[in-house]
Amino acid sequence: MQTFRIAVLEGDGIGPEVTREAMRAAEIAVRREPAGAALEWTKFPWGTDYYFEHGRMAPADYLDQLRPFDAILLGAVGHPKVQDHITLNGLLLPIRRKFDQYVCLRPSYLYDGVDSPLRDKAPGSIDILVFRENTEGEYANIGGRLYQQVPEEVAIQTAVFTRRGCERIIRAAFEAAVTRPRKKVSSITKSNAQGYGMVLWDETFSAVAAEFPQISTESLLIDRAVMEFVRRPESFDVVVASNLFGDILTDLGAIVVGSMGLASSGNIDPTRKCPSMFEPVHGSAPDITGKGIANPLAAILSAGMMLEHLGLKTAAAAIHQAVTAGLKRGEPRTPDLGGTATTTEVGAAVCRRLEA
Ligand code: GGG
């Protein structure tokens, strides 16, 4: 029986509350693997509590500590008393870059039993898979500030687009589209205003598209794309976008299909040289932290993506099925989905289905 070593970064706010449920569900799901499998969890207490004590989000060698693991399960990062760029750049973003997790995979699917805020949307009619570039672009963390705290202050922030970086995320999107029924890829940029990096992106998109004649394509500017995500979300299949635009689009996608509480994601190194990291799209949600009402389904679905990545396909399918069936049958749900259930009650309902 194979044992998979999982590093757990519960992080901040609702992170520990939802990660606990995701771990519970994953533990039960792996029992269904025909060849058997075990998960060995190692928790790391990194995040803003660690920051308050040590002045940094994680120890200096934290990437070395994470490297030997098979995967990383992350809850959330962020605290109202710490600037968000410190929490993100001190923990989350270096993991994505150092482990070359260049694919950020974020599905938005309208589940049966969940209402879209848009009128007359049938279950399954919205099924968008966003490939967000995850290691460069606007998140490259290059820049600086000059003459601080004076009227003449200057801040420079540089976006980085490399041919290799564009090519590999766009290719990953096309390869996924080949396996999906609608066989379409939409590329999102703002190349009318960003005339260097995003023009390189557009040119690379055209070059890769030429290798996939069976896939239909469209290139949209981000301002048009956000309109169309609301006006005709059904028309999107696979979407490929830069780091920043992918982040924004997937929050919109999550809301269009009912809730941030259902939005799962994987930060994936397709070469498998480094551990990939799985996390709900939502943040630490300080407004509901400790109230016990955070929706654990995004974290549970992210754990399902992790199991899929680890090759535990039966366990992954079981999680997906348990969540899907629970939503369809109107099982307990948290307030973001119009219910009154607690995080634990929703997690327990998923576990009951997995045990059945
Ligand atoms: N679930 C992880 C988390 O806390 N994400 C918050 C966030 O702001 N992430 C930024 C990003 O994914 O770009």
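Predicted model: local features only at pLDDT ≥ 70, side-chain atom pairs only at ≥ 80, totals over all residues.

Analyst: Three elements each contribute two or more residues to the shell around the ligand: the strands β3 (71–76) and β12 (276–280), and the helix α4 (84–98). The shell also draws on two domains. Domain 1 (1–101 + 267–356) and domain 2 (127–256) both supply residues to it, and therefore the ligand lies between these domains.

In total, 15 residues surround the ligand, and the closest are R132, Y139, E279, P280 and H282. Sorted by class, the shell consists of seven nonpolar, five charged and three polar residues.

The side chain of Y139 has an N or O atom 2.8 Å from an oxygen atom of the ligand. For V77, a backbone N or O atom lies 2.8 Å from a ligand oxygen atom. At H282, a polar backbone atom is 2.7 Å from a nitrogen atom of the ligand. As for exposure, the ligand taken alone exposes 360 Å², of which the protein buries 88%.

Conventions. Residues numbered from 1 in each chain as written. Heavy atoms only, no water. Near = heavy atom within 4 Å. Polar contact = N/O pair within 3.5 Å; in protein donor to acceptor, adjacent residues only side chain to side chain. Areas by Shrake-Rupley, 256 points an atom, 1.4 Å probe, with all protein chains shown as cover. Helix = DSSP H or I, 4+ residues; strand = E, 2+ residues; numbered from the N terminus. Nonpolar A, V, L, I, M, F, W, Y, C, P; charged D, E, K, R; others polar. Domains from an automatic or database assignment.
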